[in-house]
Amino acid sequence: MAKVLCVLYDDPTDGYPTTYARDDLPVIDHYPGGQTTPTPQGTDFTPGQLLGSVTGELGLRQFLESRGHTLVVTSDKDDADGTGRTVFDRELPDADVVISQPFWPAYLTPERIAAAKNLKLAITAGIGSDHVDLDAAIAHGVTVAEVTYCNSISVAEHVVMMTLSLVRNYLPSHQVVLDGGWNIADCVARSYDVEGMHFGTIAAGRIGLAVLRRLKPFGLHLHYTDPHRLSPEIEKELGLTYHPDAESLVRAVDIVNLQTPLYPSTEHFFNDRMFSLMKRGAYLINTARGKLVERDAVVRALESGRIAGYAGDVWFPQPAPRDHPWRTMPFNGMTPHVSGTSLSAQARYAAGTLEILESYFGKTPIRQEYLIVDGGMLAGTGATSYKLT
């Protein structure tokens with residue numbers, strides 16, 4: 001029998017919900033491009049419930065325990081004092097499967113993978129597996145899988161929301177009401193229309209392209225850069241301007257959407273120099289990874305007026321400490337990591353996690369689109385390679 005170690009974020013501060021704002025979710029059976037949504041054989045949860053927190057358990061307990069497996073769920077994964085005494089570190093050495101979320105990542109470093117002698121499968125409940133050292137996973141025969149596409153549209157919607165919120169000065173205007181005020185000039189002195197502005201996305205994969213599609217009706221001029229150029233048909237459909245590199249794009253646009261993965265080559269990609277290339281009064285949105293932006297450089301860019309606003313929901317480190325400067329810098333629309341973990345997205349990534357486990361314990365191939373590293377036992381290929389998504 002297997003031990004499954006699941007790392008999820010904490011329950012709400014006022015307790016796990018007993019009721020929800022809505023009674024149901026829209027039924028979505030496929031993603032753009034035709035990929036079907038997760039199709040596990042059975043689920044033991046109600047879509048629309050809070051599944052990504054500790055009490056929600058991704059709806060996995062009944063499935064695992066009915067088959068004799070052990071499920072350990074914790075939120076304690078950050079070794080703040082360097083003692084290695086987190087629940088995650090204590091439970092990892094004999095775990096067969098590790099599950100965590102990109103919103104609350106349990107970092108599987110080479111040292112942790114080496115210590116986990118039984119580990120065969122690492123699942124990302126969501127998309128984005130940079131919290132797993134893929135080279136170490138290959139070396140130790142660990143399969144790495146994620147629930148591809150499950151929350152891509154959730155993130156894209158969040159980018160659109162933050163674009164409008166920043167440009168229209170929505171959040172400060174709402175704060176005026178909360179503070180008891182009603183001075184219109186306070187609200188509109190920094191408020192503009194997005195119509196006619198130039199919007200650019202750095203990386204136009206599933207999320208970046210979905211953002212562009214959703215913003216086209218707003219009358220923006222749309223730009224993108226990506227190592228893999230989109231087809232002429234898509235460029236014509238959306239009226240896209242292609243840029244060979246990010247520097248060319250940021251010089252040309254009013255709003256920058258940062259959607260690139262985090263690699264050593266992209267860490268602190270937005271630094272003082274990159275901010276200096278942006279139009280004065282441009283906006284930057286980052287729902288990708290906090291370390292793509294140099295922490296203090298974005299503070300300087302906002303305080304100096306080089307850029308007009310920064311929004312996102314990714315932080316480094318996370319959870320962000322109370323004194324993190326992004327909490328207090330001017331003209332920001334920062335939130336905790338919520339773009340990809342809406343209740344709608346949770347229903348899909350919980351179902352996808354279950355589908356992966358059904359394949360693993362049933363000794364059948366995992367969907368090829370879910371695999372990042374094939375440890376040689378689940379896809380039927382015997383390969384040890386990885387792809388970047």
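Please keep in mind that the model is predicted.

Let's begin with the sheet. Seven strands make an open sheet, and reading across it gives the order β8-β7-β6-β9-β10-β11-β12, with parallel pairing. The strands at the edges are β8 and β12; each has a single partner strand, so one side of each is left without a neighbour in the sheet. On average, neighbouring strands of this sheet are turned by 20° against each other, direction ignored. For a closer look at one pairing, take β6 and β7, which run parallel and are joined by 5 bridges. Here you can find Ile202 standing opposite Thr225 in β7.

Helix α5 lies across β6, β9, β10, β11 and β12, and it runs at about 150° to β10. Helix α8 also packs on the sheet, where it touches β6, β7, β8 and β9, and its direction makes about 165° with that of β6.

Is Ala189 buried or exposed? Its relative accessible area is 61%, and because the cut-off for exposed is over 50%, Ala189 counts as exposed. Ala189 and Asn169 are 20 residues apart in sequence, with their C-alpha atoms 8.7 Å apart in space.

Leaving aside residues up to four places away in sequence, Leu108 touches Phe88, Leu92, Val98, Ile113, Leu119, Ala122, His131, Val132 and Asp133.

Leu58 lies in the loop between β1 (3-7) and α1 (61-65), and its relative accessibility of 0% makes it buried. Phe331 is not a glycine either, and has a positive phi of about 55°. This residue is in the loop between β11 and β12, and at 37% relative accessibility Phe331 is partly exposed. The loop between β11 (307-312) and β12 (332-334) also holds Pro317. The peptide bond leading from Phe316 to Pro317 is cis, with omega near -5°.

Finally, the charged side chains. How many salt bridges does the structure hold? There are 19. One of them joins Asp130 and Arg289, whose closest N and O atoms are 2.8 Å apart. Asp130 lies in the loop between β4 (121-124) and α4 (134-139), and Arg289 in the loop between β10 (282-286) and α12 (295-303), so this pair ties together parts that are 159 residues apart in sequence. Asp130 is partly exposed at 34% relative accessible area, whereas Arg289 is buried at 17%.

Asp272 and Arg300 form another salt bridge, with the closest N and O atoms 2.8 Å apart. This pair links helix α11 (residues 272-277), which holds Asp272, to helix α12, which holds Arg300, across 28 residues. Asp272 is partly exposed, with a relative accessible area of 37%, and Arg300 is partly exposed, with 38%.

In the salt bridge between Glu369 and Arg367, the closest N and O atoms are 3.1 Å apart. Glu369 is partly exposed at 26%, while Arg367 is buried at 16%. Salt bridges can also share partners, and in this way Lys3, Glu91 and Asp94 are joined into one network.

How values were computed. Residues are numbered from 1 along each chain as its sequence is written. This is a predicted model: local features need pLDDT of at least 70, side-chain atom pairs count only at pLDDT 80 or more; totals for chains, interfaces and linings use all residues. Side-chain values use heavy atoms; hydrogens and water are left out. Buried means under 20% relative accessible area, exposed over 50%, partly exposed in between (1.4 Å probe, protein chains only). Contact means heavy atoms within 4.5 Å. Helices (H or I, at least four residues) and strands (E, at least two) are DSSP runs, numbered from the N terminus. A salt bridge is a side-chain nitrogen of Lys or Arg within 4 Å of a carboxyl oxygen of Asp or Glu. Two strands pair if DSSP finds at least two bridges between them. Axes are lines fitted to C-alpha atoms, for helices over the stretch in contact, and angles run from 0 to 180 degrees between N-to-C directions.
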